[in-house]
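Dear colleague,

Here is the structure I said I would pass on. My notes on it follow below.

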Amino acid sequence: MRSRIQLAAVTILTLTATVACGGSGTSPSSGEAATARGPINIWYSNNAQEVAWGKQMVEAWNSAHPTESVSAQEIPAGQTSEAVISASITAGNAPCLIYNTSPAAVPNFQAQGGLVSLGDFPDGASYIGTRTGGTAEQYKSPDGTFYQLPWKSNPVMIFYNKAVFTKAGISTTDPPLSSYEDFLATAKKLVSSGAAKYAIYPSPSSQFFQPWFDFYPMYAAESGGKQLVENKKATFDSDAGKAVAGFWQQLYAQNLAGKEAYTGDSFADGTAAMASVGPWAIAAYKGKVDWGVASVPTRAGGSGDQAATFSDAKNVAMYTACKNRGTAWDFLKFSTSAEQDGKLLEMTGQMPLRQNLEQQYAAYFTANPQYKTFAAKTAHVVEVPNVPASVEMWQAFRDAWSKSVIFGKEAPDKALSEAAAKINGLVK
Amino acid sequence: MARTWRRTTVLVIGALAFLFPFYYMIVGSLQQRSDTSVGGALPHPGNLSLHNYSQINAAISLGQTLLNSIVFTAGVVLGTVVFGVLAGYALAQLHYRGRGTLFAAMLLLQVIPFQLLIIPLYVQIVRGYGLADSYLGMILPFAINSTAVFVFRQYFLQVPADLFDAARIDGASELRILRSVALPLVRPALLTATLMTFIGPWNEFLWPFLVTKQHDKQPLAVALANYISTTAASATNPYGAILAGAVVLAAPAVALFIAFQRHFVSTDLGSGVKG
Amino acid sequence: MTRRRAAAGTFGRQPVGLLLSAPYAVFIVAVFAYPLGLAVWMSFHTYIFTAPGVSVPRPFVGFDNYTAVLSDPAVRQAFLNILIFLVLNVPLTVVLSLALATALNAAIPFRTFFRVSYYVPYVTASVAVVGVWLFLFGSGGLVNHALGAAAPSPSWLINEGWAMPSIAIYVTWKQLGFFILLYLAALQNVPKELYEAAAVDGASKWRSFLAVTVPGVRPATTLVTLLAIITGANLFTEPYLLTNGGGPNGRSASPVLLMYQRGVEQGHPDVAAAIGVLLVVGVLLIAGLQRILDRD
């Protein structure tokens with residue numbers, strides 16, 4: 001018995017010692033790495049269209065720069081990708097650039113010491129400012145520097161199913177969707193006429209990013225472009241936030257929006273008459289749904305094209321495991337140049353976060369008018385706040401939302417106040 | 001007679017309850033347009049096609065991913081069947097120093113959720129052992145399935161000790177006893193554990209996905225998951241595509257079971273000790 | 001022979017056991033020692049994962065993580081949920097799988113078909129099967145249609161009281177095939193003579209089941225119970241797929257789900273490790289309790 005205890009004690013001590021010593025290996029120091037050149041590795045999303053864009057972009061670079069070749073791999077977009085990136089930061093084998101970095105994950109990656117400050121490069125901040133304009137400010141980290149390059153956005157708008165609307169006897173050229181009152185009335189009509197089972201069906205899941213597709217776009221519109229948190233204080237415990245929550249609570253209480261898990265795409269299946277998505281959905285719904293698009297509603301209605309919405313942006317970040325950062329920065333500039341941004345637009349339909357988008361690619365938008373509405377919106381997008389504990393903050397919000405708005409267990413006003421208090425504690 | 005009929009009826013009802021979801025999956029995977037109504041449970045000749053399957057075939061390289069799955073799974077099954085059986089037997093029938101500790105460790109390993117270990121495990125395997133993007137890196141955490149070891153131990157325990165004593169008196173070595181006496185008697189348990197060990201890595205998504213980004217090393221589960229998360233959204237019948245993928249993944253496991261289940265017959269254990 | 005007996009003191013009666021279990025022991029140490037040690041260490045410190053070479057303060061905080069976790073109502077609810085799950089799932093699993101295995105052991109027609117049909121859910125990915133269950137148990141699903149007015153409102157999966165039990169039934173159904181197999185294997189080793197003797201004594205089928213079968217598969221029952229407890233405690237995907245993660249008011253959240261949220265998504269592996277350690281301790285306690293009761 002005593003020997004067994006001794007054995008256990010020795011094992012625990014050895015394990016603790018191994019752990020306490022920590023891992024070995026270091027990241028390249030920023031000074032020398034910023035100018036180093038050579039082959040680099042990148043990751044991008046495995047969405048078929050983005051892969052096609054990525055491949056042609058890498059080929060174009062590689063043929064012009066044989067000594068600084070770029071090798072690319074795909075990682076799926078979605079929540080698992082954050083786990084993968086976090087793990088590879090910890091293991092020290094992250095690639096130089098990841099064309100799939102979620103702005104909400106940037107604070108965590110930064111805290112892990114995984115991101116390279118783009119301010120290390122002499123033209124870092126100026127390049128970003130020139131390309132993206134004023135919207136770029138939202139992407140700065142609390143210390144005022146850029147740890148991500150704002151790349152592309154998918155402004156969230158309301159898609160509606162023209163066939164279902166016709167069946168319910170609602171106009172498809174100018175559907176009454178701009179004010180909460182109108183939207184609710186339309187929703188009721190859609191469901192009671194039997195044209196669709198639900199008016200709109202955002203995922204009721206409790207994952208931290210779900211508010212980005214139900215609450216946040218409408219909050220951005222109603223509050224005139226406010227982020228969830230500004231100056232280290234929650235902003236949503238306000239008239240605007242409460243109005244949005246009250247509106248959604250009506251939708252759920254009257255069973256106009258679904259509360260259960262749904263497998264598949266409810267809009268594509270015709271189960272829901274509307275969906276709140278971005279332009280990536282155009283390719284997904286082609287041939288399946290005859291759709292129209294409208295801005296997200298506001299309480300009073302009428303702001304239309306000028307109303308803000310959520311950006312659903314995906315950005316590019318440079319990771320500290322990168323040795324040849326000089327090449328990486330040049331490649332990053334190449335892949336976000338006017339030419340490549342244009343190709344991105346053509347091949348994927350997603351909006352590069354570039355100022356004067358409509359004017360720059362006027363030919364494309366003339367040929368593809370259905371994307372024009374989205375292009376106009378890119379000037380009015382609101383991003384998730386770049387604050388520490390950002391994921392925790394969104395989770396706290398979602399839990400309060402779920403409890404009060406979706407399941408009606410608590411008054412939304414009270415739930416929002418409690419969430420705001422909690423979040424203020426998290427982001428200070 | 002009445003009792004047999006009653007039992008058969010219960011079994012049939014049960015079998016239908018168990019099979020219905022799988023049947024629905026197959027019907028759903030064959031649907032060209034998604035039909036989520038109650039009527040959709042019955043196959044409509046006009047709505048049936050192998051389209052979802054051909055889309056999968058076009059999107060992922062079935063041959064390469066199948067090969068990767070086989071290598072990954074075979075590595076795990078081999079490690080478990082060889083070393084796990086040895087350990088299970090030792091834990092059950094042999095008395096040696098450290099047996100208790102090992103048993104406790106085996107139990108502990110099963111109780112610990114994988115999500116708790118995943119990032120340090122990744123660092124260990126990728127940085128500590130440098131096994132990123134390799135089959136060995138994929139196999140290593142699963143190499144010897146602790147649940148299988150537990151199963152082996154329990155079934156070796158069921159073998160009466162007298163049999164072993166008889167063999168020992170006859171002068172046989174422990175290894176010989178294991179091979180000639182113990183193993184044949186626990187064959188159904190071995191098969192169960194092998195089947196169970198097969199399912200784990202065959203369906204495993206997160207670990208291979210973490211360890212390798214190279215397309216040519218990704219197993220079928222990962223390729224299907226990737227396909228589902230991206231291409232499926234633009235497929236004609238996204239949910240049907242998911243179902244088709246699941247059917248493709250499940251088919252080999254079911255086939256294996258059908259092949260092996262005939263070994264689940266009595267071994268007439270009692271007669272070994274008589275006389 | 002004599003040499004072996006002489007060594008009995010130092011290494012046990014059959015030291016070859018050390019040799020046979022050595023590969024497994026080495027495997028455990030080489031692969032899991034560091035992650036396990038780190039997990040326990042993290043739970044007593046403030047810890048985040050960092051890139052190599054980046055050093056952040058990782059102060060020792062004693063039991064702070066544990067108190068934070070235990071005073072969090074969401075975590076307490078999650079542990080309660082798992083308890084509800086286990087209470088439903090484990091006995092149901094043991095009873096059903098033994099009953100079905102006994103039935104499937106007999107020489108019935110189409111035995112292979114039956115065996116395969118019970119096994120199939122076990123090998124199919126939850127991602128696909130769950131859609132079917134949603135079709136059955138959704139608010140507009142088959143079951144509610146059949147029940148009519150007797151259907152619970154709100155419907156099963158969004159009902160605070162029914163969410164976890166629904167998941168328990170789903171998981172029982174899905175895993176049953178595996179446990180049936182375990183019992184099938186054990187049944188092969190119950191000597192036929194015992195059944196014959198019981199029949200000669202005039203025992204009914206039910207009596208011989210109780211007197212011969214149940215005791216005869218004792219080690220398998222222990223195995224099935226323990227494995228059901230362990231896999232149940234580690235529940236993760238099913239709540240996600242069936243009830244959108246936490247379910248109505250967190251009523252179907254599982255501890256592992258919370259670990260994933262806090263550890264991986266929110267970047268707080270220290271808190272996640274504390275939940276993990278608590279979960280492990282809880283399971284070991286339950287398992288230990290079961291062993292003690294079993295011995296009586």
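With 428 residues, chain A would have a radius of gyration near 22 Å if it were a compact globule; its value is 24 Å, which agrees. Please keep in mind that this is a predicted model. Along the principal axes, the C-alpha atoms of chain A fill a box of roughly 70 × 70 × 35 Å.

On burial, 55% of the 428 residues in chain A count as buried. As for contacts, take those in chain A with a separation of 6 or more: 77% of them are between residues 24 or more positions apart.

The secondary structure of chain A consists of 19 helices and 14 strands. I looked at one strand in detail, namely E4 of chain A, which covers residues 149-153. How many of its five residues are buried? Five of the five are, so to the count E4(A) is mostly covered.

Two pairings were found for this strand. One is with strand E12 of chain A, residues 314-318, where E4(A) pairs in the antiparallel sense over two bridges. Within that pairing, Leu149(A) has Val316(A) of E12(A) as its bridge partner. The other is with strand E13 of chain A, residues 351-352, and here too E4(A) runs antiparallel, over two bridges. In this case Lys152(A) is bridged to Pro352(A) of E13(A).

Regards

Definitions and conventions:
Residues numbered from 1 in each chain as written. Chains lettered and ligands numbered in written order. Predicted model: local features only at pLDDT ≥ 70, side-chain atom pairs only at ≥ 80, totals over all residues. Helix = DSSP H or I, 4+ residues; strand = E, 2+ residues; numbered from the N terminus. Rg over C-alpha atoms; globule rule 2.2 N^0.38 Å. Buried ≥ 20, exposed ≤ 12 C-beta atoms within 10 Å, placed from the backbone. Contact = placed C-beta atoms within 7 Å. Pairing = 2+ DSSP bridges.
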